[in-house]
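Hi everyone, thanks for coming. Today I'd like to walk you through one structure, step by step, so please have a look at it with me.

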Amino acid sequence: MIPQMSRITRVLFENRSVATFELDACVDAEPGQFLMVWLPGEGEKPISIMDPDPLTITVARVGPFSTALHQRQVGDAVGWRGPFGRPFTVDGRHLLLVAGGYGAAPLHFLARRACDAGISTTLALGARTGDDLILVDRFRAIGCTTVLATDRGDVGYQGFVTDAILPDLAQFDRVAACGPEAMLYAVARMCWDAGVPAEVSLERYMKCGFGICGQCAMGDKLVCKDGPVFDIEELRHNRDFARFTRTATGRRVSL
Ligand SMILES: Cc1cc2nc3c(=O)[nH]c(=O)nc-3n(C[C@H](O)[C@H](O)[C@H](O)COP(=O)(O)OP(=O)(O)OC[C@H]3O[C@@H](n4cnc5c(N)ncnc54)[C@H](O)[C@@H]3O)c2cc1C
Ligand code: FES
């Protein structure tokens, strides 16, 4: 599992803190899978695949690694290994995607596959403000209907994206979600109640990315290998879902 080195061919700033990087590579991957992205001297972090061809990632600047990546320019080298993890199911006739923040990135890959398969696909995207809503034009360009929600109400529905879509949930025969875990728990509860099949993509601190180190344990699951995409039925009795996570040293702490 030695990282493959690629060059950045394009950088697009989605807003003040999120950037999309295209690399001179393509990867044989399924929607929802992730890479361990390596910056020599900075470390290695899990990042979802936004598009496999050309290999594209969308990264929020939140700390040292992501800040270092945002400072990289066209022509600079980025390492990666993968793809890792269990992907989303591409199935159904009316698919609802629910995204918060950079959770839109893996769902963009899923939306592309679903639209190519003739599945009617709706994206419900939530963020704090209109400026935080990312990739909206890309989703529309591949044929998705979009429902937008912001806490501030400057764009779309004012409030949680889960509240925006709840009245229409029965129109869909499958749901896929990625974003903050509180949002994923709200999606799971809605879908448990309505009996709609759903998958959610979870995050835990990762080191190896393929089931060796045990760092990403969540109850009896390893998020890097058994997930990151889980059927909500697998999470119904998981004591950590939306309650506990693990720090970089493996300590179990409240979310
Ligand atoms: C399966 C998976 C897919 C992801 N996909 C994306 C993506 O497409 N775009 C994106 O912007 N971010 C994604 N992330 C999150 C990304 O890995 C972290 O934002 C990044 O590691 C932050 O590192 P940092 O040094 O910039 O910030 P730090 O200050 O080190 O951390 C900021 C936050 O990131 C988390 N984090 C830091 N290191 C890791 C790690 N090794 N594993 C998991 N979480 C970590 C911390 O717990 C903290 O919540 C994904 C995470 C996982 C687990
Ligand atoms: S990150 Fe090592 S087991 Fe999951």
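Let me begin with one term: two strands pair if DSSP finds at least two bridges between them. Keep that in mind for strand β8, residues 94-100, and strand β9, residues 120-127, which pair in the parallel sense over 7 bridges. Within that pair, L97 stands opposite L123 in β9. One more word before we go on: this is a predicted model.

Let's step back to the overall layout. The protein is divided into domain 1, covering 4-84, and domain 2, covering 94-254. Between the C-alpha centres of domain 1 and domain 2 there are 20 Å.

Now for the sheets. One open sheet has 7 strands, in the order β4-β3-β7-β1-β2-β6-β5, and its pairing is antiparallel. If you look for its edge strands, you will find β4 and β5, each of which pairs on one side only. Further in, strand β1, residues 4-13, runs antiparallel to β7, and 4 bridges join them. One bridge to look up there is the one from S6, whose partner in β7 is V78.

The other sheet to look at is also open and has 7 strands, ordered β11-β10-β9-β8-β12-β13-β16, with mixed pairing. Its edge strands are β11 (157-158) and β16 (229-231), and each pairs on one side only. At the β16 end, 3 bridges join it to strand β13, residues 198-201, and the two run antiparallel.

Take V187 as an example: leaving out residues up to four places away in sequence, V187 touches V98, T162, V175, A177, A198 and V200.

Next, please find ligand 1. It is surrounded by 19 residues, and the closest are K45, S48, G63, F65 and S66. The elements that give two or more residues to this shell are β4 (43-48), β6 (55-60) and α1 (64-70). Which element gives the most? That is β4, with 4 residues. By type, the shell around ligand 1 divides into 13 nonpolar, 4 polar and 2 charged residues.

Is W192 buried or partly exposed? W192 has 14 other C-beta atoms within 10 Å, so it is partly exposed. Setting aside neighbours within four places in sequence, W192 is in contact with I232 and R236. W192 and I232 are 40 residues apart along the chain, yet their C-alpha atoms are separated by 7.8 Å.

To finish, some backbone details. As background, most residues other than glycine have a negative phi, and most peptide bonds are trans. The bond from D53 to P54, however, is cis, with omega near -5 degrees, and P54 is found in the loop between β5 and β6. The bond from G82 to P83 is cis too, with omega near 10 degrees, and P83 sits in strand β7.

As for phi, L135 has a positive value near 65 degrees without being a glycine. You will find L135 in the loop between β9 and α3 (136-141), and it is buried because 23 other C-beta atoms lie within 10 Å. A242 is not a glycine either, and its phi is positive, about 65 degrees. A242 belongs to the loop between α7 (232-235) and β17 (244-246). With 18 other C-beta atoms within 10 Å, A242 is partly exposed.

Methods: Residues numbered from 1 in each chain as written. Chains lettered and ligands numbered in written order. Predicted model: local features only at pLDDT ≥ 70, side-chain atom pairs only at ≥ 80, totals over all residues. Contact = placed C-beta atoms within 7 Å. Near = placed C-beta within 6 Å. Nonpolar A, V, L, I, M, F, W, Y, C, P; charged D, E, K, R; others polar. Domains from an automatic or database assignment. Buried ≥ 20, exposed ≤ 12 C-beta atoms within 10 Å, placed from the backbone.
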